[in-house]
There are 2 protein chains.
Amino acid sequence: MLDDLKTLVERLKAVSHPIRLRVLALLHSSELSVCQVAEILQVPQSSVSEALRELRRAGFVSERKEGRWVFVSVIPGFEGDPLLKGILMEALRLPEVEADRTRAGMVKGQAIAVVCGKVQAAETKEATRV
Amino acid sequence: MLDDLKTLVERLKAVSHPIRLRVLALLHSSELSVCQVAEILQVPQSSVSEALRELRRAGFVSERKEGRWVFVSVIPGFEGDPLLKGILMEALRLPEVEADRTRAGMVKGQAIAVVCGKVQAAETKEATRV
DNA sequence: TAGACTCATCGGAAATTTTCGAAATACAAA
DNA sequence: TTTGTATTTCGAAAATTTCCGATGAGTCTA
């Protein structure tokens with residue numbers, strides 16, 4: 001599966017990025033839609049989409065389409081991969097990642113439509129929160 | 001030791017590079033001088049020096065000066081680190097890395113002065129080989 | 001069909017990385 | 001001190017990456 005230097009370097013590069021690493025750590029424990037990830041990480045949706053493209057290219061995550069949503073998760077059975085295991089073992093201890101996972105718990109408690117849709121509502125919520 | 005996202009990303013970036021990864025894999029099993037590494041990998045010495053600077057900055061390798069030589073190796077006791085372990089487990093299976101290690105065996109069979117010194121000699125050897 | 005929504009891709013400017021010869025530094029031997 | 005060798009740092013052009021708003025493609029719902 002992983003048989004040359006270039007491929008391994010590409011995989012390492014894929015996780016050498018704050019957003020991509022946070023996404024990977026998030027998906028380690030749960031399947032999420034793209035918009036849920038964007039909401040949890042508080043970054044633009046296009047950034048999440050690009051992060052996922054790299055992680056997919058590197059073979060870490062896979063997607064599943066359901067209606068208008070795209071659910072992404074770490075490729076099943078891949079958690080045993082020594083490289084991924086080592087990376088996650090470190091990542092899951094980080095406070096930033098822990099904060100993401102806390103927020104993920106809150107997001108998962110709500111219906112997707114509430115979290116994602118309503119751009120207007122989300123923006124005002126954002127404005128009033130601060 | 002590793003307590004924030006930025007630090008982990010920096011460490012991953014440090015190994016996300018062909019030369020740096022090859023250097024790390026080389027040093028995993030033996031202490032070598034900079035010029036030996038350059039000879040084994042067949043890359044300019046300044047490139048090796050820069051690779052080592054990054055690996056040192058990321059905390060993977062340490063150096064030991066002995067006369068005019070600088071010997072580098074993976075930080076002792078660090079082999080147990082889960083991240084490094086996962087990375088090395090993958091790297092050591094690659095044909096490119098295996099080839100490096102074979103060449104390392106040959107280089108280590110010679111005195112350092114023979115391998116390193118004599119820039120002139122090394123260059124002519126290079127020229128005649130091709 | 002029209003309108004709302006999810007997501008991927010595009011544009012393209014800014015920032016970062018890569019590369020290696022050349023110059024600088026450090027040390028040793030003569 | 002002078003010469004030679006090992007290593008680091010510099011310079012600077014080329015390549016790559018990062019970032020996010022805007023656009024577009026596909027999907028649901030009314």
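How far is a base nitrogen of DNA strand C from an N or O atom in the side chain of B:Glu50? The distance is 2.9 Å, a polar contact in the sense used here, namely a pair of N or O atoms within 3.5 Å, where within protein one atom must be able to donate a hydrogen and the other to accept it, and residues adjacent in sequence count only if both atoms are side-chain atoms. This is a predicted model, in which local features need pLDDT of at least 70 and side-chain atom pairs count only at pLDDT 80 or more, while totals for chains, interfaces and linings use all residues. Residues are numbered from 1 along each chain as its sequence is written, chains are lettered from A and ligands numbered from 1 in the order in which they are written, and side-chain values use heavy atoms, with hydrogens and water left out.

**How the two protein chains are related**

- Chain B is superposed on chain A by a rotation of 180 degrees with 0.0 Å of shift along its axis, at an RMSD of 0.0 Å, using least squares on the C-alpha atoms of residues with pLDDT of at least 70 in both copies.
- That is the relation of a two-fold axis, and in chain B the C-alpha nearest the axis belongs to B:Gly86, at 2.7 Å from it.
- The copies meet through the same surface, because 100% of the interface residues of chain B are also interface residues in chain A.

**DNA strand C**

- Around DNA strand C there are 23 residues, the closest being A:Cys35, A:Ser49, A:Cys116, A:Gly117 and B:His17, where a residue is near a strand if one of its heavy atoms lies within 4 Å of it.
- Of the atoms of DNA strand C that come within 4 Å of the protein, 67% belong to sugar and phosphate.

**DNA strand D**

- DNA strand D is also surrounded by 23 residues, and the closest are A:His17, A:Glu50, B:Cys35, B:Gln45 and B:Ser49.
- Phosphate oxygens of DNA strand D lie 2.6 Å from a polar side-chain atom of B:Ser49, 2.8 Å from a backbone N or O atom of B:Val70 and 3.4 Å from a backbone N or O atom of B:Val34.
- The largest share of the surface near DNA strand D, six residues, comes from α4(B).

**Helix packing in chain B**

- The axes of α2 (residues 18-29) and α4 (residues 45-57) of chain B come within 9 Å and cross at roughly 75 degrees, the axes being lines fitted to C-alpha atoms, for helices over the stretch in contact, with angles from 0 to 180 degrees between N-to-C directions.
- α2(B) and α4(B) are therefore roughly perpendicular to each other, a word that covers angles of 65 to 115 degrees.

Methods
Helix = DSSP H or I, 4+ residues; strand = E, 2+ residues; numbered from the N terminus. Parallel < 35°, antiparallel > 145°, perpendicular 65-115°, else oblique. Contact = heavy atoms within 4.5 Å.
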